[in-house]
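Please open the model in a viewer and keep the selection tool at hand.

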Amino acid sequence: MENLRIPGPTPLPDEVLRAMSKQMINHRGVEFGQILNEVTANLKQLFQTKGDVFLLTGSGTGGLEAAIVNSLSPGDKVLSVSIGVFGERFASIAQQFGAEVIPLGFEWGKAADADAVRQALRAEPKVKAVLVTHNETSTGVTNDLASISAVVKEFDKLLLVDAISSLGSINLPVDEWHCDVTVTGSQKGWMAPPGLAMVSVSEGAWRAQANAKMPRFYWDFTRAKSYLERGQTPWTPAITAVYALSVSLKMILAEGLPNIIARHARLGQAARDGVKSLGLNLFADESHASNTVTAIAASDGLDTKKMLKILREEHQVVLAGGQQSLDGKIFRIGHLGWISEDDIQRVISALKVVLPQAGFRSGS
Ligand SMILES: Cc1ncc(COP(=O)(O)O)c(C=O)c1O
């Protein structure tokens, strides 16, 4: 079997795979309503929120679009705090729907600086919302969301958070950190297949939603809420993915969120220690290195494309390359969801063999 170690989709436990072979049911019937209500209640616990949580059929990007179109009107100013590919994507969605995006970018590989956010908000008092990526999957960096949130709330702005590759794996207490809309995706740390975006909506986000004029239909939170009150989703949901998530959430709750967060911290450390022991350098600033994905710089003659190919073909280890301008410059190990220390060790052992075959000369 392949050791699939990209930052999502991830391998799934047998119980979750079995859940996906269940027969279809009426998505407007009682049985589906019970599953949806239970999944929603479990998600609220894991988001650490008393606010609303909706299950949307779509990928994480759909959830980001939902966050934008339910919060903003064309012409609204938004501050885009971006540290990589996914921060840029969040900003592009806002721009596409007519927001005036004020970019606040940081060098890729580094985390955002809360003081710079403060200065930007001082300079632009009309900003309506701040867009932040909690865990930037393209660079392997986790932002200090608590500090950024404290600044955003000093200025009483809406906080829209891409937590697609962090929620459920890295601590993110949604209410305590005053996140207004928080988005995650089923294929990341949730031990579920792709197909669902899960979003939380605060009271402040509902107030903004009442006046938000961006066009929306499929992603309208008002429709999601009124259908959820009847145990339904507005549109036909990805029932199979919901079956899977319903089982994986029970497994997650049985392990316990604090234990899962601690396991990801151990795995992140093991991945970082492992690659460094081979003479590789981390791409991310280690003080903010992510516990769900490790990005490694291509140095000392390493041909990452050749390395990824040999790993895949000869060792059944599947890692990710770099995206956009990082293509060929970094590679990434995903360590989120259903994963143990042994899985990381298999990756490190395979890398040890393959690195010299792909041109790497440590310290050259
Ligand atoms: C931080 C982050 N944002 C957004 C996305 C996009 O999610 P999707 O591919 O599910 O649309 C991803 C997926 O890799 C991600 O890691």
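Select Pro9 to begin. This residue is partly exposed, because its relative accessible area of 34% falls between the 20% limit for buried and the 50% limit for exposed. The structure is a predicted model. Pro9 is found in the loop that links β1 (3-4) to α1 (14-19). Display the backbone here: the peptide bond from Gly8 to Pro9 is cis, with omega near 0°. Pro9 and Val354 are 345 residues apart along the chain, and their C-alpha atoms are separated by 24 Å.

**The seven-strand sheet**

Turn now to the strands and colour them by element. Seven of them form an open sheet, arranged in the order β2-β10-β9-β8-β5-β3-β4, and the pairing is mixed. At the edges stand β2 (52-57) and β4 (100-105), each of which pairs on one side only. On average, neighbouring strands of this sheet are turned by 20° against each other, with direction ignored.

Within this sheet, select strand β8, residues 158-162. Is this strand mostly covered or mostly uncovered? It is mostly covered, since five of its five residues are buried, which means that each has under 20% relative accessible area. In a regular strand, side chains alternate between the two faces of the sheet. Show the side chains and inspect both faces of β8. One side carries Leu158, Leu160 and Asp162, the other carries Leu159 and Val161, and all of these are buried.

The partners of β8 can be displayed next. Strand β5 (residues 127-133) runs parallel to β8, and five bridges join the two.

**The ligand and its surroundings**

Keep Asp162 selected and bring up the ligand. Which residues surround the ligand? They are Ser59, Gly60, Thr61, Phe86, Arg89, Asn135, Thr137, Asp162, Ile164, Ser165, Gln187 and Lys188. By class, this shell has two nonpolar, seven polar and three charged residues. Two helices may be highlighted at this point, α3 (60-71) and α4 (85-96), as each supplies at least two residues of the shell.

- Ser59: a polar side-chain atom lies 2.6 Å from an oxygen atom of the ligand.
- Asp162: a polar side-chain atom lies 2.6 Å from a nitrogen atom of the ligand.
- Lys188: a polar side-chain atom lies 2.6 Å from an oxygen atom of the ligand.

How much of the ligand does the protein bury? Taken alone, the ligand exposes 390 Å², and the protein buries 87% of that.

**The four-strand sheet**

Four strands form an open sheet in the order β11-β12-β15-β14, and their pairing is antiparallel. β11 (281-282) and β14 (320-321) are at the edges; each has a single partner strand, so one side of each is left without a neighbour in the sheet. Select β11 together with strand β12 (residues 293-297): the two pair in the antiparallel sense over two bridges. Within this pair, Ala297 in β12 is the bridge partner of Asn281.

**Two residues with positive phi**

Select His178, in the loop between β8 and β9. His178 has a positive phi of about 55° although it is not a glycine. At 45% relative accessibility, His178 counts as partly exposed.

Finally, select Gln316, located in the loop between α11 (304-315) and β13 (317-318). The phi of Gln316 is near 55°, a positive value in a residue other than glycine. Is Gln316 buried, partly exposed or exposed? Gln316 counts as partly exposed, because its relative accessibility is 36%.

Terms used:
Residues numbered from 1 in each chain as written. Predicted model: local features only at pLDDT ≥ 70, side-chain atom pairs only at ≥ 80, totals over all residues. Heavy atoms only, no water. Buried < 20%, exposed > 50% of the residue type's maximum accessible area, 1.4 Å probe, protein only. Pairing = 2+ DSSP bridges. Near = heavy atom within 4 Å. Polar contact = N/O pair within 3.5 Å; in protein donor to acceptor, adjacent residues only side chain to side chain. Areas by Shrake-Rupley, 256 points an atom, 1.4 Å probe, with all protein chains shown as cover. Nonpolar A, V, L, I, M, F, W, Y, C, P; charged D, E, K, R; others polar. Axes fitted to C-alpha atoms, helices over the stretch in contact; angles between N-to-C directions.
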